[in-house]
Amino acid sequence: MTHATTPPEPAITPALIAEHGLKPDEYQRILDLIGREPTFTELGIFSAMWNEHCSYKSSRIHLRKLPTEAPWVIQGPGENAGVIDIGDGDAVVFKMESHNHPSYIEPYQGATTGVGGILRDVFTMGARPIACLNFLRYGHPDHPKTRPVLAGSVAGIGGYGNSFGVPTIAGGVGFHTRYDGNCLINAMAVGLAKTDGIFYAAAAGVGLPIVYLGSKTGRDGMGGATMASAEFGEGSEEKRPTVQVGDPFAEKLLLEACLEIMAKDCVVAIQDMGAAGLTCSAVEMGAKGNLGVELDLDKVPCRETGMTAYEMMLSESQERMLMVLKPEKEAEAEAIFRKWGLDFAVVGHTTDTLRFVVKRHGKVMADLPIKELGDEAPLYDRPWIKPAPWPVLEASAIPAPMSNADALVKLLATPDLCSKRWVWEQYDYMILGNTVQRPGGDAGVVRIAPDQTKALAMTTDVTPRYCEADPFEGGKQAVAEAWRNLTATGAKPLAVTDNLNFGNPERPEIMGQFVFCLKGIAEACRALDFPIVSGNVSLYNETNGRGILPTPTIGGVGVIDDYSKAAGVAFRAEGEAIFLVGETTGWLGQSAYLRDIVGREAGAPPPVDLAAERRNGDFVRSLITEGGVTAVHDLSDGGLAIALAEMAMASGIGAAIDTLPDGPAHAVLFGEDQARYLVTVAAADAAAFTSRAAAAGVPALRLGTTGGDRLTLPGERPILIGDLKTAHESWLPTYMAGPA
Amino acid sequence: MNAAVIVFPGSNRERDVAFALELVSGRKPALVWHADTQLPPGTDLVVLPGGFSYGDYLRCGAIAARAAIMEAVRAHAARGGLVLGICNGFQILCEAGLLPGVLMRNKDRRFACKVAHLKVERTDTPFTRAYAPGQVIAIPCAHGEGNYIADRKTLEKIEGNGLVAFRYCSAAGEVGPAFNHNGSTNSIAGIFSPKLNVLGMMPHPENHVDARLGPTDGRGLFAGLVDALVKAA
């Protein structure tokens with residue numbers, strides 16, 4: 001047997017530094033910090049810690065302005081996931097994260113590992129995942145990559161969640177040419193824990209064993225975080241080897257094993273290995289605990305032979321964890337991991353030196369100051385220019401090119417507004433047996449346990465075209481819409497996770513979009529008591545110099561005290577009164593109607609009156625809780641007409657509309673004014689509803705009555721619900737059946 | 001009813017079916033680890049739950065069929081004991097030779113989570129006695145490989161001996177390709193063993209038992225089992 005040795009590491013050259021995504025001034029910062037030339041392994045560690053994906057160097061100073069606190073917030077941003085208190089000793093742990101670049105290069109594996117990563121973030125904190133959501137954006141349907149990227153990423157999301165065993169209950173799918181070379185795959189996971197059973201990354205205690213758990217380390221995903229921090233161009237597909245491969249089976253075992261050893265009180269600290277794998281997890285455990293960390297890489301379970309220190313530190317192999325265990329519980333924890341057939345190895349220990357020391361074959365390959373690796377990462381206040389909002393369009397200047405009935409049927413069959421059944425039927429939304437509201441409504445709803453009345457409502461929202469036309473109002477609207485979708489089920493909205501997808505932050509106009517979207521988000525979160533507890537920033541979403549639409553996805557979570565009172569979108573019965581709650585001006589700027597019927601992407605988006613949002617939403621929620629309404633739907637893309645059609649299609653019950661708000665009919669039917677809901681009430685309760693609304697200062701207009709098998713808009717031909725459904729359900733399956 | 005739910009690495013609907021069993025029978029089932037070699041004494045119903053045993057990276061259910069506990073399950077079935085395999089459990093029963101045939105990829109090669117209508121083919125079995133002959137029940141499906149295939153001789157035996165438990169159908173009970181979402185031969189959603197003591201089915205009756213969440217058409221299957229076991233005792 002030959003004695004294992006360390007091959008010589010390559011010399012540090014300007015080209016090598018550039019390959020690691022480090023700018024010359026950033027490299028100078030390294031030299032100043034450590035007072036010598038870094039080793040190759042150290043260079044890799046710096047590139048992993050200091051890339052945009054891990055360091056948030058362009059976004060940090062702006063993220064600080066977001067509201068992150070409320071009495072019910074247990075843990076805000078900075079940990080693996082956010083944690084909120086929902087009473088009775090229960091906590092909800094949740095976060096959203098993007099896997100945009102990997103999913104474009106290798107759609108199935110990119111998406112699976114996105115789901116796997118976010119589930120791990122949640123159960124690392126001691127929570128059992130109870131639901132997944134996603135937010136997906138693809139290029140123009142005619143772009144050659146759109147169909148295969150959609151097919152692969154959706155199969156991947158399903159493939160991981162279905163096998164892992166968590167219901168995927170809600171999400172969003174949309175298309176736009178600005179995502180042609182850069183899809184968005186944002187995955188959100190929500191878990192349930194006990195408030196006294198939350199686990200954190202910070203290590204505590206010197207000389208404690210650091211344990212490696214889960215799958216073995218291979219060469220997959222090498223440099224993935226660095227790839228995610230660069231623009232795409234020609235030849236990006238050659239980066240396929242940097243995409244990791246997901247193993248939901250291993251993750252399911254890891255979940256069960258982790259929750260078991262947590263329940264047995266074995267764990268001091270725990271951190272999953274996500275982006276930048278072993279490097280990031282070990283540094284975070286040490287730095288957060290004010291401790292040094294020494295790793296002996298010879299102990300790391302490897303899938304391949306001959307891996308170097310550099311490769312092991314930068315591998316992004318999936319389904320791995322790092323833990324600090326209570327020394328007296330080590331044997332018990334190991335037995336549990338062995339039972340689940342998982343690797344378990346002591347790979348290092350904590351020290352009091354505040355150094356991050358990495359050894360391979362007895363040789364020190366890296367010796368760096370652990371806190372500075374994170375704290376001294378570059379921080380940029382990148383130049384930005386204030387975006388000029390697009391001019392307001394008057395509805396009177398936009399004539400209707402067709403009848404409103406025809407426009408409705410046509411809109412229902414557009415890529416953005418059509419049914420996404422083809423997508424969500426590939427997700428197991430029933431597993432765990434707690435799904436209260438299945439996909440297709442305003443928000444997903446799951447009860448927290450069979451023996452409880454409490455349920456959680458969850459949603460993901462943003463309207464990227466609004467953000468493009470006015471980042472500030474668009475940012476507000478994303479938050480307001482999430483809040484409204486939760487409210488429409490009867491939930492009290494509690495907190496937000498965000499996933500901020502933007503283009504290249506080195507361009508001042510992109511940075512301006514970022515800054516103003518964030519301002520809008522912050523203002524709305526404050527006004528609605530809807531703090532941000534976790535999130536992720538994804539920049540450099542550009543291909544060949546063209547950025548995506550600014551897409552700050554908002555994931556909202558709310559609580560319903562008694563899910564038997566939750567509201568759904570389906571009309572409940574015939575002969576009920578239909579009310580429109582909220583102010584309607586007929587705002588067609590940036591509407592789906594303007595784009596898909598008139599053929600113009602133009603105008604300012606609808607402004608968001610946060611006081612009206614709150615007043616109207618609180619009114620609707622209180623009526624749901626009292627049982628005063630029978631069906632509720634928020635108004636968003638496509639406006640009033642689309643919402644009516646969705647309520648009719650969900651129930652099979654039609655409606656006759658005899659009254660509309662003042663204004664041109666096409667504008668009030670398809671305008672996208674905010675802070676609005678459609679509700680139905682029993683006919684006998686209609687007068688009481690009107691007076692309740694008046695007393696609350698909430699606009700409420702009776703539009704008509706449910707019943708029959710068709711939807712009739714004033715002065716329009718009646719449309720059979722079956723025809724609405726055919727239009728709504730046909731587009732996506734037909735499109736996906738096209739050439740691969 | 002003394003039910004035992006077998007837990008393989010990668011099983012993921014064991015809690016769902018345990019909940020359904022307890023809801024209907026009032027008794028918690030035992031959860032039995034795949035590496036065990038014996039069923040709890042007095043077990044009268046074995047359930048192989050849904051999931052992705054061992055990741056199902058090989059043929060679905062192929063590894064689980066060779067797990068240590070399966071010897072005890074085979075012996076239980078041979079004694080006439082009741083065995084219910086749902087989804088991955090059905091796949092495992094086929095791989096273990098306790099039921100004939102195999103489950104292939106769905107005809108459109110996509111995983112499908114949707115509520116299917118099933119026609120109850122016979123009601124003189126412990127599993128289906130609570131249903132009416134020809135009754136149509138709505139039961140969720142969640143599988144990527146539920147396309148039932150068997151050779152012609154086997155099919156003749158299954159059909160000739162009335163061993164089809166459920167067929168996919170329309171809400172009105174019509175059987176045909178339009179309602180056979182995964183492409184199963186003869187629209188087969190579930191089959192019995194010749195002695196009617198083993199049932200394998202792709203749909204998930206355990207997810208339609210709680211009136212607070214929606215339809216409860218799956219309850220009848222568990223209620224029938226409770227009734228059969230009480231009468232047998």
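**Two histidines and a sheet**

Author: Happy to! A:His99 sits in the loop between strand E3 (90-98) and helix H6 (100-105) of chain A. Helices (H or I, at least four residues) and strands (E, at least two) are DSSP runs, numbered from the N terminus. This is a predicted model, where local features need pLDDT of at least 70 and side-chain atom pairs count only at pLDDT 80 or more, while totals for chains, interfaces and linings use all residues. Residues are numbered from 1 along each chain as its sequence is written, and chains are lettered from A and ligands numbered from 1 in the order in which they are written.

Reader: What makes A:His99 count as buried?

Author: A residue is buried if 20 or more other C-beta atoms lie within 10 Å of its own, exposed if 12 or fewer, and partly exposed in between, with C-beta atoms placed from the backbone. A:His99 has 31 C-beta neighbours inside 10 Å, so A:His99 is buried.

Reader: Which residues is A:His99 in contact with, leaving aside its neighbours within four places in sequence?

Author: Among them are A:Gly110, A:Thr113 and A:Ile185. Contact here asks that the C-beta atoms, placed from the backbone, lie within 7 Å.

Reader: Which residues does the "active site" annotation cover?

Author: The unreviewed UniProt entry gives A:His53 and A:His99. UniProt positions are given in the numbering used here, feature names are shortened, and annotations may be inferred rather than shown by experiment.

Reader: How do you know that they cluster in space?

Author: They are spread over 47 residues of sequence, yet the largest C-alpha distance is 10.9 Å.

Reader: And is A:His53 buried or exposed?

Author: A:His53 lies in helix H4 (residues 52-55) of chain A. A:His53 has 26 other C-beta atoms within 10 Å, and therefore A:His53 is buried.

Reader: Now the sheet: in what order do the 6 strands run?

Author: In chain A the order is E14-E15-E16-E21-E17-E18, an open sheet with mixed pairing. Two strands pair if DSSP finds at least two bridges between them.

Reader: What makes E14 and E18 of chain A edge strands?

Author: Strand E14 (435-437) and strand E18 (532-538) of chain A each pair on one side only.

Reader: How do you know that strand E17 of chain A and E18(A) pair?

Author: Strand E17 (residues 492-501) of chain A and E18(A) have 6 bridges, in the parallel sense. As one example of a bridge partner, A:Thr497 has A:Ser534 in E18(A).

Conventions: Two residues are in contact if their C-beta atoms, placed from the backbone, lie within 7 Å.
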